[in-house]
Amino acid sequence: MAEGLFTESAERPQLIGSACGACGLVDFPAATHCLRCGPPTNRPSNSATAGRS
Ligand SMILES: [Zn+2]
């Protein structure tokens, strides 16, 4: 398979949301801050396996 067809630098091919570490609210699309309680959100980091073969 040809590599380089998908860019993973700026935007990943997968949909990524953000999860608040304080209240657990998942914002989609990813937000920099929790829409509920305010603090910066954490991004799930277990979605880097897509496209691997
Ligand atoms: Zn929150």
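Colleague: Which residues does Asp27 touch, once residues up to four places away in sequence are not counted?

Modeller: Two residues are in contact if their C-beta atoms, placed from the backbone, lie within 7 Å. By that rule Asp27 touches Gly17, Ser18, Cys34, Leu35 and Thr41, leaving out residues up to four places away in sequence. This is a predicted model, in which local features need pLDDT of at least 70 and side-chain atom pairs count only at pLDDT 80 or more, while totals for chains, interfaces and linings use all residues. Residues are numbered from 1 along each chain as its sequence is written.

Colleague: Where is the place of Asp27, and how many helices and strands are there in the chain?

Modeller: Helices (H or I, at least four residues) and strands (E, at least two) are DSSP runs, numbered from the N terminus. The chain has two strands and zero helices, and Asp27 has its place in strand β2. The C-alpha atom of Asp27 is separated by 9.3 Å from that of Ile16, eleven residues away along the chain.

Colleague: Why does Asp27 count as partly exposed?

Modeller: A residue is buried with 20 or more other C-beta atoms within 10 Å of its own, exposed with 12 or fewer, and partly exposed in between. Asp27 is partly exposed because 16 other C-beta atoms lie within 10 Å. For the chain as a whole, 8% of the 53 residues count as buried.

Colleague: Where does Leu25 lie, and between which strands?

Modeller: Leu25 belongs to the loop that runs between β1 (18–19) and β2 (26–27). Leu25 counts as partly exposed because it has 16 C-beta neighbours inside 10 Å. Setting aside neighbours within four places in sequence, its contacts are Cys20, Cys34, Leu35 and Arg36. Between the C-alpha atoms of Leu25 and Cys37, which are twelve residues apart along the chain, the separation is 8.9 Å.

Colleague: Which peptide bond is cis, and is Pro29 buried or exposed?

Modeller: The peptide bond from Phe28 to Pro29 is cis, with omega near -5°, and Pro29 itself lies in the segment after β2. Pro29 counts as exposed because it has 8 C-beta neighbours inside 10 Å. Pro29 and Ile16 are 13 residues apart in sequence, yet their C-alpha atoms are 6.6 Å apart in space.

Colleague: What does Ala31 touch, not counting residues up to four places away in sequence?

Modeller: Ala31, placed in the segment after β2, touches Ser18 and Thr41 when residues up to four places away in sequence are left out. From C-alpha to C-alpha, Ala31 and Thr41 are 7.0 Å apart in space and ten residues apart in sequence. With 16 C-beta neighbours inside 10 Å, Ala31 therefore counts as partly exposed.
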